[in-house]
Amino acid sequence: ATARGFSAARDHSQLVRIFVNEAQCGTLQLRTQMQTSRATCPPAALRKGDNMVRLHIAAPARPADLGEDDNRRLGMELRSLSVLPAGTP
């Protein structure tokens, strides 16, 4: 995944748990700068055909809480996400 976090936490980091077909594949710790991270799913998590990806944002925050004029609850900016079988370079 290529992403950056949005958080009201003191260190501005955001934890994002990744699930594929309800199997947990890992946790990303995102900072305010765009970064590329990798998580590994259990082999049985991926199916042939369609797969369901769920991202759980630990502590979404509103920009309004940080002095901006935006009341949406945000947690990350996701630029790209790839789900590939284990062993793919």
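User: Which pattern does the protein follow when read along the sequence?

Analyst: Strands (E) are DSSP runs of at least two residues, and helices (H or I) of at least four, numbered from the N terminus. Here the pattern is β-β-β-β-β-β, with zero helices and six strands. This is a predicted model, in which local features need pLDDT of at least 70, side-chain atom pairs count only at pLDDT 80 or more, and totals for chains, interfaces and linings use all residues. Residues are numbered from 1 along each chain as its sequence is written, and side-chain values use heavy atoms, leaving out hydrogens and water.

User: Why does T2 count as buried?

Analyst: Buried means under 20% relative accessible area, exposed over 50%, and partly exposed in between (1.4 Å probe, protein chains only). T2 counts as buried because its relative accessibility is 18%. This residue belongs to strand β1 (residues 2-5). Of the 89 residues in the protein, 25% are buried.

User: Which residues make up the largest nonpolar core?

Analyst: In soluble globular proteins, nonpolar side chains tend to be buried together. A nonpolar core is a set of buried Ala, Val, Leu, Ile, Met, Phe, Trp, Tyr and Cys residues joined through side-chain atoms within 4.5 Å. In this case the largest has nine residues: A3, V16, I18, V20, C25, L28, L30, C41 and A45. Strands β2 (14-20) and β3 (23-30) each supply at least two residues of this core.

User: With which residues is C41 in contact, leaving aside its neighbours within four places in sequence?

Analyst: Contact means heavy atoms within 4.5 Å. With those neighbours set aside, C41 is in contact with V20 and C25.
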